[in-house]
Amino acid sequence: MTIDRMTTGAQLRQRRERLGLSQAKLAEISGVSQHLLSAFELGKVALAAPDLAVTLDAIRDSDQVMAVSTRTKRYRERCYSEPPMLAARVAKAKPTRGNPGYVALLRELHAAHCAPKTADLSALSLFSGCGGFSLGFSAAGFSIKGFVEREEPLRAIYRQNFSDGVEIGADITAISDGDLAARAAEIGPIDVIIGGPPCQGFSLSGKRKVDDPRNQLFRHYLRFVDMFRPKMAVLENVRVLTSMRNAAGGLVRDDIRAEFGRHGYKVDFFEVNAKDYGVPQHRERVLFVAVRNDLPGHPSMPAATHGSGGGLFPGKLAWRTFADACSDLAYLESGGRSSDSLHEAVSHPSHVIEWLWDVPEGSSAHDNSDPQMRPPSGYNTTYKRQVWNEPAATVQTTFGMISGCRNVHPVATRALTIREAARLQSFPDTYRFGGTLGCIRTGIGNAVPPLLARAIAMHVRRML
Ligand SMILES: C[S@@+](CC[C@H](N)C(=O)[O-])C[C@H]1O[C@@H](n2cnc3c(N)ncnc32)[C@H](O)[C@@H]1O
């Protein structure tokens with residue numbers, strides 16, 4: 001194979017792998033960022049001529065290639081079965097004052113969800129995921145009459161917890177108008193439609209492409225609104241949606257408002273943070289609330305109940321913390337197991353544990369003063385410890401990866417367990433999560449925290 005200025009990404013990858021060079025090492029010897037090399041190899045971007053030239057030069061320099069590819073690992077193999085100062089750490093992770101109250105609150109949330117519905121209020125859940133949004137509405141007294149979710153493993157979790165709702169369909173875009181009409185006749189009148197179309201198309205962590213077809217999914221949400229004509233509709237998404245622009249340069253949030261208006265609804269949007277509603281997690285979201293034009297109410301959100309606990313927010317309860325959510329759970333280090341099958345720690349390589357072992361709360365292994373103790377690449381939001389006595393960082397679907405964004409436990413040196421993430425998202429321990437661990441993590445990371453959903457649902461209930 002000739003390697004010249006016409007080299008494609010696939011050719012470069014083939015050549016690099018034959019030489020036993022990792023992308024990181026090629027980045028090191030060429031000076032071209034690993035991020036760029038990776039995108040080029042995947043065919044996502046073209047490499048600028050000077051970058052391609054230095055990359056090819058680096059690959060041709062056999063001495064240099066040999067030096068980096070045979071370099072021994074800078075990581076020492078260490079055993080952390082009896083790590084230093086473990087007793088002090090276990091002692092620190094004792095239940096906090098707020099913990100018993102929080103655990104009891106989640107138990108009560110689940111009991112309310114399971115209680116017979118007496119208020120004759122109904123809701124339909126679109127893009128239902130594993131059911132966080134629905135759980136909050138159910139706990140506020142709404143019967144969830146039907147749901148739509150594309151992924152079978154998530155539908156399976158949903159069915160485990162909401163056995164009464166009609167499974168309207170999988171892919172919302174594949175539900176014909178005829179099928180939708182038949183389902184509407186079967187289900188009957190609905191008070192509220194709730195749903196959070198996938199956020200990747202809007203999210204800053206995704207590509208934020210204006211023509212991403214996922215950005216059009218809210219139009220299918222409106223098809224349901226047209227068919228059922230609910231009294232209200234609530235649409236949840238990531239907060240950055242409020243600054244997302246459409247192909248013509250207008251704001252997507254204005255499109256959403258205009259569409260609801262065209263369909264006969266008064267609508268407004270509200271930026272919220274889940275921690276202000278008692279969820280022990282910083283999670284910023286936008287909620288569009290729509291009220292049918294013939295009804296008297298106006299879109300609004302419930303007032304926040306929690307704040308910093310200082311003089312700035314008199315009358316509010318203090319934000320719940322990571323410790324309030326998780327401090328009663330068994331203390332686990334990397335690879336540790338407990339009697340709860342969802343509270344099991346992923347095993348991490350010993351060199352990663354070494355990087356992180358002495359990293360203080362709120363800091364990253366990238367902040368280590370010794371360069372040998374820093375990860376070779378990445379941002380200092382990764383390999384980062386959370387803070388025990390503060391609300392947790394936003395739970396994402398990747399919370400089980402220690403290299404992810406703020407995924408390291410505040411005290412133990414490992415990524416979060418599923419139980420911890422579920423608690424931080426305010427799912428009760430009795431919520432049923434079946435299926436693969438990957439699917440459970442996706443469902444939890446994407447969910448509307450049930451406690452936030454319940455606060456919204458109680459407000460909607462009062463409006464109705
Ligand atoms: C942000 S999550 C919703 C989470 C949910 N609100 C909760 O609280 O658990 C979005 C969901 O939409 C689903 N989805 C994506 N495209 C879909 C489609 N075309 N039809 C139906 N569901 C879809 C995804 O599988 C994902 O579970």
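These legends describe close-up views of a predicted model.

Local features are described only at pLDDT of at least 70 and side-chain atom pairs only at pLDDT 80 or more, while totals for chains, interfaces and linings use all residues. Residues are numbered from 1 along each chain as its sequence is written, and side-chain values use heavy atoms, with hydrogens and water left out.

**View 1**
The ligand is surrounded by 20 residues, each with a heavy atom within 4 Å of it. F133, E149, D171, I172 and V448 are the closest. D171 places a polar side-chain atom 2.8 Å from a ligand nitrogen. I172 has a backbone N or O atom 2.8 Å from a nitrogen of the ligand. At V448, a polar backbone atom lies 2.8 Å from a ligand oxygen. On its own the ligand has 600 Å² of accessible area, and the protein covers 94% of that. Accessible areas come from the Shrake-Rupley method with a 1.4 Å probe; for residues, only the protein chains shown count as cover. The shell holds ten nonpolar, six polar and four charged residues. Here Ala, Val, Leu, Ile, Met, Phe, Trp, Tyr, Cys and Pro count as nonpolar, Asp, Glu, Lys and Arg as charged, and the others, Gly among them, as polar.

**View 2. F133 in helix α8.**
F133 belongs to helix α8, residues 132-139. Helices (H or I, at least four residues) and strands (E, at least two) are DSSP runs, numbered from the N terminus. F133 counts as buried because its relative accessible area is 6%; buried means under 20%, exposed over 50%, and partly exposed in between (1.4 Å probe, protein chains only). Beyond four places in sequence, F133 touches I194, G195, V234, E236, L287, V448 and A453. Contact here means heavy atoms within 4.5 Å. R454 is 321 residues away along the chain, yet the C-alpha atoms of F133 and R454 are separated by 8.0 Å.

**View 3. Two nonpolar cores.**
A nonpolar core is a set of buried Ala, Val, Leu, Ile, Met, Phe, Trp, Tyr and Cys residues joined through side-chain atoms within 4.5 Å. The largest core has 63 residues; F137, F142, V234 and F433 touch the most other members. Helix α17 (residues 450-463) gives this core its largest share, six residues. Contacts of F433, leaving out residues up to four places away in sequence, include C130, I157, L342 and F427. A second, separate core has 33 residues, among them V166, I193, Y221 and L222.

**View 4. Helix α2 and Q23.**
Q23 sits in helix α2, residues 23-30. Its relative accessibility is 14%, so Q23 counts as buried. The side chains of Q23 and E41 form a polar contact at 2.9 Å. A polar contact is a pair of N or O atoms within 3.5 Å; within protein, one must be able to donate a hydrogen and the other to accept it, and residues adjacent in sequence count only if both atoms are side-chain atoms. The buried residues of α2 are Q23, L26, A27, I29 and S30. They pack against α1 (9-18), α3 (34-41), α4 (49-60) and α5 (62-69). S22 caps the N-terminal end of α2, with a side-chain oxygen 3.1 Å from the backbone nitrogen of K25. Just after α2, G31 has a positive phi of about 85°.

**View 5. Positive phi in two loops.**
Most residues other than glycine have a negative phi. F127 is not a glycine, but its phi is positive, about 50°. F127 lies in the loop between β1 (121-126) and α8. Y383, in the loop between α14 (350-357) and α15 (418-424), has a positive phi near 45°.
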